Amino acid sequence: MPTTIAIGFSQLPDIKEAAFQACIAAKNQLNTIQTDLVIILACSPYAIQEILPIIHSSLQPKRLVGSSTASIMTNDGVFDQGIAILGINSDEIAFGIASNQPALHPDLRTAGFDWGRKLNTDYKSPQHHGCILFSDYSVHYPHEFIRGAQEVLGFGFPFFGAISSDHFKYKHMAQIYQKQVLQKPMTGLLIGGARLFSARRHGY
């Protein structure tokens with residue numbers, strides 16, 4: 001199967017209907033029953049548990065991750081209301097996902113090590129190239145978490161990502177993992193494959 005990437009976006013004020021319309025827009029481009037990977041970016045009012053049954057029913061994702069955000073950027077502009085859904089089907093790209101609660105571990109390095117093992121367990125390819133990380137303000141020293149993950153994935157392994165936001169109100173920030181909307185987790189997407197390459201330069 002060649003790699004197919006589809007994006008659906010909706011700003012409808014009815015949050016469930018917006019999720020459904022974004023799913024339909026993505027599904028019409030993918031033209032498959034199941035989806036290898038779904039990534040959700042949802043402005044904070046839209047990042048609620050009730051959207052997930054709609055997304056799972058419509059796209060049937062094998063893996064799903066995402067985050068709340070203050071704004072969404074598309075080809076048409078920057079929007080502070082709405083939900084965006086990206087779907088990927090590919091035989092050329094491999095994915096692995098994981099999420100955990102750093103507060104439940106004795107320290108951030110241990111939490112990162114546990115998280116890295118979960119990523120490796122879910123990942124099914126010998127070649128991995130990078131990791132997208134979703135977090136929030138609750139993790140004050142993310143470099144320690146990443147150091148722990150690198151003990152599993154390899155020192156120098158590239159990470160990049162973002163911190164979820166609700167316009168700095170600090171009331172509703174969430175990461176999305178499979179069938180859950182979670183508060184204060186670290187959620188990640190490991191990505192790689194024989195035809196995927198990455199370039200990097202960072203300070204970790």
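Reader: Leaving aside its neighbours within four places in sequence, which residues is Phe79 in contact with?
Author: This is a predicted model. Phe79 sits in strand 5, residues 77-79. Sequence neighbours within four places are left aside here. The contacts of Phe79 are then Phe9, Gln11, Cys43, Ala70, Ser71, Ile72 and Thr74.

Reader: Is Phe79 buried or exposed?
Author: The relative accessible area of Phe79 is 18%. Buried means under 20%. Phe79 therefore counts as buried.

Reader: What distance separates the C-alpha atoms of Phe79 and Gln11?
Author: Gln11 is among the residues that Phe79 contacts. Along the chain, the two are 68 residues apart. Their C-alpha atoms are separated by 8.4 Å.

Reader: How many helices and strands does the protein chain have?
Author: The chain holds 204 residues, and buried residues make up 50% of them. Among contacts with a separation of 6 or more, 82% join residues 24 or more positions apart. The secondary structure comes to four helices and twelve strands.

Reader: Are helix 1 and helix 2 roughly parallel or roughly antiparallel?
Author: Helix 1 covers residues 15-30 and helix 2 covers residues 51-59. Their axes come within 9 Å and cross at roughly 20°. That angle makes helix 1 and helix 2 roughly parallel.

Reader: Is the crossing of helix 1 and helix 2 right-handed or left-handed?
Author: Two packed helices are described by the angle between their axes and the distance between the axes. Handedness is a further point. Helix 1 passes helix 2 in a crossing that is right-handed.

Reader: How do the residues of the contact of helix 1 with helix 2 divide into nonpolar, polar and charged?
Author: Helix 1 brings Ile15, Lys16, Ala19, Phe20, Cys23 and Lys27 to the contact. Helix 2 brings Ile51, Ile54, Ile55, Ser58 and Leu59. By class, they come to eight nonpolar, one polar and two charged.

Reader: How far apart are the end C-alpha atoms of helix 4?
Author: Helix 4 has twelve residues, 142-153. At 1.5 Å a residue, the helix should span 16 Å. The end C-alpha atoms agree with that, being apart by 16 Å.

Reader: What covers the buried residues of helix 4?
Author: The buried residues in helix 4 are Phe145, Ile146, Gly148, Ala149, Gln150 and Leu153. One helix and several strands are included in their cover. These include helix 3 (108-122), strand 7 (94-100), strand 8 (130-135), strand 9 (159-163) and strand 12 (186-192).

Reader: Which residue follows helix 4, with a positive phi?
Author: The phi here is near 115°. The residue that follows helix 4 is Gly154.

Reader: Which residues does Ser135 touch, not counting residues up to four places away in sequence?
Author: Ser135 lies in strand 8. Its relative accessible area is 8%, so Ser135 is buried. Beyond four places in sequence, Ser135 touches Ala162, Ile163, Ser164, Gln175, Pro185 and Met186.

Reader: What is the phi of Gln178?
Author: Gln178 is in the loop between strand 10 (175-177) and strand 11 (180-182). Gln178 counts as partly exposed, at 24% relative accessibility. Although Gln178 is not a glycine, its phi is positive, about 55°.

Reader: Where is Lys184?
Author: Lys184 is not a glycine, yet it has a positive phi of about 60°. At 46% relative accessibility, Lys184 counts as partly exposed. Its place is the loop between strand 11 and strand 12.

Terms used
Residues numbered from 1 in each chain as written. Predicted model: local features only at pLDDT ≥ 70, side-chain atom pairs only at ≥ 80, totals over all residues. Heavy atoms only, no water. Axes fitted to C-alpha atoms, helices over the stretch in contact; angles between N-to-C directions. Helix = DSSP H or I, 4+ residues; strand = E, 2+ residues; numbered from the N terminus. Parallel < 35°, antiparallel > 145°, perpendicular 65-115°, else oblique. Left-handed = near helix turned anticlockwise from the far one by under 90°. Contact = heavy atoms within 4.5 Å. Nonpolar A, V, L, I, M, F, W, Y, C, P; charged D, E, K, R; others polar. Expected span 1.5 Å × (residues − 1). Buried < 20%, exposed > 50% of the residue type's maximum accessible area, 1.4 Å probe, protein only.
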